[in-house]
Amino acid sequence: MEALEGIMKVLSVIVMMMGVWAGGGYAYKYNRPPPRQTLFIPHADSDTSPQQVHISVVGQDKMRISWITDSPTAAKVQYATSPDANGPFTDGTTSSYRYLLYKSGEIHDVVIGPLKPNTLYYYRLGDSPQLYNFTTPPSQFPIKFAVVGDLGQTDWTVTTLQRIAHSKYNMMLLPGDLSYADYLQSRWDSFGRLVEPLASQRPWMVTQGNHEVERIPILHSERFTAYNARWRMPFEESASSSNLYYSFDAAGVHVIMLGSYTDFDSGSAQYKWLEGDLKKVDRAKTPWIVVLLHAPWYNSNTAHQNEPESLDMKASMEDLLYQARVDVVFAGHVHAYERFTRVYKDKADNCGPVHITIGDGGNREGLANKFVEPKPEISIFREASFGHGILEVLNATHALWTWHRNEEDKGVPSDSFWFTSHSSEPACKVK
């Protein structure tokens with residue numbers, strides 16, 4: 001295994017030098033401060049023990065439970081609202097994948113439900129006696145989202161996850177760059193074990209970033225192999241044909257996950273899907289629209305400037321989001337925090353979405369600590385620190401956003417603001 005990882009590290013360097021990492025555009029014109037130690041979480045239990053457990057919502061009243069075992073076991077879940085979990089069994093599917101010489105464990109995927117909203121459930125996986133629990137999201141306001149990008153698996157990641165665990169969030173939203181495995185597939189396993197304590201208790205809804213691409217020319221031409229196999233999202237339920245982009249409703253919020261590293265021009269499947277998805281939104285039922293993507297459309301950091309995944313996607317899709325009166329767009333990629341005013345076509349616009357970059361979860365590459373000067377007028381707050389955000393949607397009209405900086409392993413509220421939904425503003429209602 002050590003020899004294989006050594007080979008993969010060399011290959012990753014070669015790929016980056018060739019400029020093919022996630023389609024190019026990597027920026028090296030800034031100096032990142034030293035990151036904290038990269039962690040590796042081993043699997044300490046038996047080959048049949050569940051590991052890397054995480055959950056995600058499926059429709060209005062179902063939950064997908066995913067986990068991995070090293071040896072074949074039954075893909076079944078027993079669940080109930082009582083602590084003995086003495087409820088019905090639901091069967092699912094098992095799959096695996098290969099990546100060069102690596103073969104994954106048995107990836108189990110079971111969808112359970114119907115479930116009651118805002119309810120604590122207990123569950124067991126396969127034939128294991130181990131007891132887990134999760135709480136379903138509420139079906140009505142208020143609802144609280146934790147938002148963090150570029151998470152990785154370092155000591156900073158641990159601090160971020162600890163702070164999120166204390167936030168009493170209902171659902172996690174992650175705009176790409178999960179594990180930073182970067183071709184070393186055992187790091188995907190380590191990441192799954194690291195986040196399991198949180199991801200097994202609250203739904204984690206994710207989209208992909210450049211570190212999920214993992215394409216090696218000639219040797220492994222398929223993109224997103226590990227991501228698609230390990231983090232299956234409910235794309236079919238929103239009429240999407242790809243796990244790389246989808247949407248879902250949570251309480252009164254319509255959440256759209258977009259793919260920065262798949263086709264997005266006006267003739268693409270993703271563009272046509274987004275156009276149709278936005279037309280289906282009923283603002284009477286979901287007065288808020290939240291969009292997540294990886295490469296930010298607005299960015300005053302010197303990192304990741306002039307990348308096609310940002311500029312071309314913005315040129316292609318910004319009109320769609322503006323015409324639909326999207327309320328907020330979250331992005332990652334840049335390893336810093338930045339909040340813009342409501343903006344459209346590079347200018348302040350009261351009917352445009354608030355753009356927020358939150359690619360500061362704890363990645364191993366460090367922070368992007370150089371910003372463009374002078375600060376653009378549309379940029380309201382920016383800071384190169386690790387941390388996470390909390391979006392509290394209180395009702396159909398008002399939401400509170402707070403960004404918490406990791407400071408000496410404590411979460412310090414550093415940026416906070418209230419905003420109203422476009423659906424409640426007469427001047428911005430969709431015509």
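How many of the 5 residues of strand S12 (residues 171-175) are buried? The first legend below answers this for the predicted model.

**Figure 1. Strand S12 and its partner S11 in the predicted model.** In strand S12 (residues 171-175), 5 of the 5 residues are buried, so the strand is largely enclosed by the rest of the structure. Met171, Leu173 and Pro175 point one way from S12, while Met172 and Leu174 point the other way. In a regular strand, side chains alternate between the two faces of the sheet. Strand S11 (residues 143-147) runs parallel to S12 and is joined to S12 by 3 bridges. Ala146 is opposite Met172 of S12.

**Figure 2. An open antiparallel sheet of 4 strands.** The strand order is S1-S2-S8-S5. Strand S1 (51-58) and strand S5 (93-95) are at the edges with a single partner strand each, so one side of each has no neighbour in the sheet. Averaged over the sheet and with direction ignored, neighbouring strands are turned by 20 degrees against each other. Strands of a sheet pair through backbone hydrogen bonds, in either a parallel or an antiparallel arrangement. Here S2 and S8 are antiparallel and share 7 bridges, with Met63 opposite Ile112 in S8. S5 and strand S8 (residues 106-112) are also antiparallel, over 3 bridges, and Ser95 is opposite Ile107 in S8.

**Figure 3. The hairpin of S1 and S2, with helix H3 across both strands.** The two strands of the hairpin have 3 residues between them, and Gly59 in the turn has a positive phi of about 70 degrees. S1 and S2 run antiparallel and are joined by 6 bridges. Val57 has Met63 in S2 as its bridge partner. Of the 8 residues in S2, 7 are buried, and the strand is mostly covered. Helix H3 (residues 185-199) lies across S1 and strand S2 (62-69), and runs at about 60 degrees to S1.

**Figure 4. Two tilted aromatic pairs.** The structure holds 18 aromatic pairs. In one of them, the ring centres of Tyr97 and Tyr102 are 5.9 Å apart and the planes are at 40 degrees, so the pair is tilted. Tyr97 and Tyr102 are both buried. Tyr298 and Phe340 form a tilted pair with 5.9 Å from centre to centre and 55 degrees between the planes. Tyr298 lies in the loop between strand S16 (288-292) and helix H6 (308-323), whereas Phe340 lies in strand S18 (residues 337-344), so this pair ties together parts 42 residues apart in sequence. Tyr298 and Phe340 are both buried.

**Figure 5. Lys314 over the face of Tyr298.** Lys314 is a residue of helix H6. Its distance from the ring centre of Tyr298 is 4.0 Å. The relative accessibility of Lys314 is 11%, and buried means under 20%, so Lys314 counts as buried. Leaving aside residues up to four places away in sequence, Lys314 touches Trp297, Tyr298 and Asp346. The C-alpha atoms of Lys314 and Trp297 are separated by 5.6 Å, with the two residues 17 residues apart along the chain.

**Figure 6. Further aromatic contacts: a cluster and an arginine over a ring.** One aromatic cluster is formed by Tyr79, Tyr121, Tyr123, Tyr132 and Phe134. Elsewhere, Arg339 lies over the face of Phe417, at 4.2 Å from the ring centre.

**Figure 7. The spans of two annotated domains.** The unreviewed UniProt entry carries the annotation "domain: Purple acid phosphatase N-terminal" for residues 50-136. That span is 0% helix and 55% strand, and its end C-alpha atoms lie 21 Å apart. The entry also carries the annotation "domain: Calcineurin-like phosphoesterase" for residues 143-337. Over residues 143-337 the chain is 31% helix and 17% strand, with the end C-alpha atoms 23 Å apart.

Notes
Residues are numbered from 1 along each chain as its sequence is written. This is a predicted model: local features need pLDDT of at least 70, side-chain atom pairs count only at pLDDT 80 or more; totals for chains, interfaces and linings use all residues. Side-chain values use heavy atoms; hydrogens and water are left out. UniProt positions are given in the numbering used here, feature names are shortened, and annotations may be inferred rather than shown by experiment. Rings of Phe, Tyr and Trp (its six-membered ring) pair if their centres lie within 6.5 Å; planes under 30 degrees apart count as stacked, over 60 as edge-to-face and the rest as tilted. Buried means under 20% relative accessible area, exposed over 50%, partly exposed in between (1.4 Å probe, protein chains only). A charge sits over a ring if NZ of Lys or CZ of Arg is within 6 Å of the ring centre and within 35 degrees of the ring normal. Two strands pair if DSSP finds at least two bridges between them. Axes are lines fitted to C-alpha atoms, for helices over the stretch in contact, and angles run from 0 to 180 degrees between N-to-C directions. Contact means heavy atoms within 4.5 Å.
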